[in-house]
Amino acid sequence: DPAKKTSETPKVSHVSHHHVAPTLSISDSALKFTHILYNLSPGELYEQAIKYEHGSFITASGALATLSGAKTGRSPRDKRVVRDETTEDELWWGKGSPNIEMDEHTFLVNRERAVDYLNNLDKVFVNDQFLNWDPEHRIKVRIVSARAYHSLFMHNMCIRPTPEELENFGTPDFTIYNAGRFPCNRYTHYMTSSTSIDLNLARREMVILGTQYAGEMKKGLFSVMHYLMPMRQILSLHSGCNMGKDGDVALFFGLSGTGKTTLSTDHNRYLIGDDEHCWSDNGVSNIEGGCYAKCIDLSREKEPDIWNAIKFGTVLENVVFDEHNREVDYTDKSVTENTRAAYPIEYIPNAKIPCVGPHPKNVILLACDAFGVLPPVSKLTLAQTMYHFISGYTALVAGTEEGIKEPQATFSACFGAAFIMLHPTKYAAMLAEKMQKHGATGWLVNTGWSGGSYGSGNRIKLPYTRKIIDAIHSGSLLDANYTKTEVFGLEIPTEVEGVPSEILQPKNTWSDKKAYNDTLLKLAGLFKKNFAVFLDYKIGKDNKLTEEIAAAGPNI
């Protein structure tokens, strides 16, 4: 209880017959013991899960299969942030922002509800762990949860302390109270369902009610890092990151389906991390201690590293397996399409431990352009890098089953709009400043369609994209000859080793040139419409920077 200062001494009242009846000013819950299961090992957590948690099984490969209950994905509309004197001015609020506000009082009501629930249990799991592999900027986190599944998930996803570090852990910098098995009260102010994920940055606490999906803890902490790190002039990034044998580091940004995981996993390079990173004066560092990989349609041939990482210690979420031999069917989406595996990063053979590296040489923005008008690769100016970083574009293909398949443009600021806390232009300005200072080059790589939009053109072959990425890593693409495209003003190379030159200029691949121009202008219009939300935010002296970024977009 945060309000209680000292324990009061029991009062004794005298009654007749000289009997002494002690009246203890003590709550009912204080008469009940809750066992604290502190930083249990994976083996101990397996035993707890299998014994006490319905739906927990050991699969044929040794991983622990678990069920997350009714929620099989994040609930972004139920995630709230306390708006107080500090966050009022610092955070991004209003149109386009992922931050839904709540007040301090409501947070405390939900916190009380979560803590009361946890106190009423026979046992709770407590994990003390770290975020950020850079020892200078490490954050201590404590996770209090009711399920062995949650404890093992966070054991894998956060950085695991040594026994000595645990001995001297001290007070955590941030605490999660995960009472996800228990709903919030829908009649509480601000609540819109029985689920609530609440962040209080002043108290450095997070409360989870009404969802058992473990990804809420991972991404909740990522949101916290998007606040804490920029306060230290460190850029937090939703990106993959790898390093060549010569120490050249590349960052990969991209929304779901763009090939971020596939392209950042490269057997000729070391993996620093697959999802969350920091860029400080010391270089880059992974925020996490594990990977959270999608499992739908997973195969040993296509993704051997992920396949082989699914072994003892790994958490498998919401997968379906054979009742007898426990072999997992990764094609089965009857529980959810969002099946996942959470495993320690050491399970990836070419992971770089500790997960830190020097300053990046290349910043690669990936887009799966289903409209088929963006070039397979283009070199960006700093302003263009900021523009495309803020836009965070990809195109999803709607209705792949039947009828007309019209591409849907999707924009997610900084390639992770659901997790950013400050205005996107603040992250973009920090990115440009770091790129300029350390001489990094920005690239826009289209892993989508060529020769027409989805339905008429073809997906750019993965081996071609890999050749492009190789040329970026080796530095040979910097020496190429470039031509400028119309409308988007992108610099495209005239040749890339191992890639047919005719596909480098999208216009060449379309037989119908009018359709190409119409589609190009349509996409440019979508970019402009999306970017209009950010124009009212002034950055730089005399708003010069905002204007400069906007000017780097398409001209129509």
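Reply: Glu53 is buried, with a relative accessibility of 6%. Buried here means under 20% relative accessible area; exposed means over 50%, and partly exposed lies in between (1.4 Å probe, protein chains only). The model is predicted: local features need pLDDT of at least 70, side-chain atom pairs count only at pLDDT 80 or more, and totals for chains, interfaces and linings use all residues. Residues are numbered from 1 along each chain as its sequence is written, and side-chain values use heavy atoms, with hydrogens and water left out.

Where does Glu53 sit? Its place is the loop between α1 (42-52) and β4. Helices (H or I, at least four residues) and strands (E, at least two) are DSSP runs, numbered from the N terminus. Setting aside residues up to four places away in sequence, Glu53 touches Gln48, Ala146, Arg147, Ala148, Tyr149 and Arg181. Contact means heavy atoms within 4.5 Å. Glu53 and Tyr149 are 96 residues apart along the chain, yet their C-alpha atoms are separated by 8.4 Å.

Ala148 and Tyr149 are among them. His150, Phe153 and His155 are also included.

Two strands pair if DSSP finds at least two bridges between them. In this sheet, β5 (residues 64-66) and β20 (residues 315-317) run parallel and share 3 bridges. Leu64 has Val315 in β20 as its bridge partner.

Next, strand β14, which spans residues 240-243. In a regular strand the side chains alternate between the two faces of the sheet. Both faces of β14 are covered. Gly240 and Asn242 are buried on one side, and Cys241 and Met243 are buried on the other. β14 has antiparallel pairing with β15 over 4 bridges. There, Gly240 stands opposite Phe252. The hairpin of these two strands has 5 residues between them, and Gly247 takes a positive phi near 85°. β14 also pairs with β16 (residues 270-273), again in the antiparallel sense, over 3 bridges. Met243 faces Tyr270 in that pair.

β15 (residues 249-253) and β25 pair in the parallel sense over 5 bridges. Val249 stands opposite Pro360. β25 also pairs in the parallel sense with β29 (residues 441-446), over 6 bridges. Leu365 and Leu444 stand opposite each other there. Of the 8 residues in β25 (residues 360-367), 7 are buried, so the strand is largely enclosed by the rest of the structure.

Ser412 lies in the loop between β28 (407-411) and α10 (424-438). It has a relative accessible area of 14%, which counts as buried. Beyond neighbours within four places in sequence, Ser412 contacts Leu255, Ile390, Ser391, Gly392 and Ala417. Leu228 is in helix α6 (residues 215-231). It is buried as well, at 10%.

Now the whole protein. It has 14 helices and 33 strands. Its radius of gyration is 26 Å, close to the 24 Å that the globule rule gives for 556 residues, so it is as compact as a globular protein of that length. The radius is taken over C-alpha atoms, and the rule is 2.2 Å times the number of residues to the power 0.38. The C-alpha trace spans about 105 × 65 × 50 Å along its principal axes. Buried residues make up 54% of the 556. Among contacts with a separation of 6 or more, 73% join residues 24 or more positions apart. The accessible surface comes to about 24,900 Å², and 52% of it belongs to carbon and sulfur atoms. These areas come from the Shrake-Rupley method with a 1.4 Å probe; for residues, only the protein chains shown count as cover.
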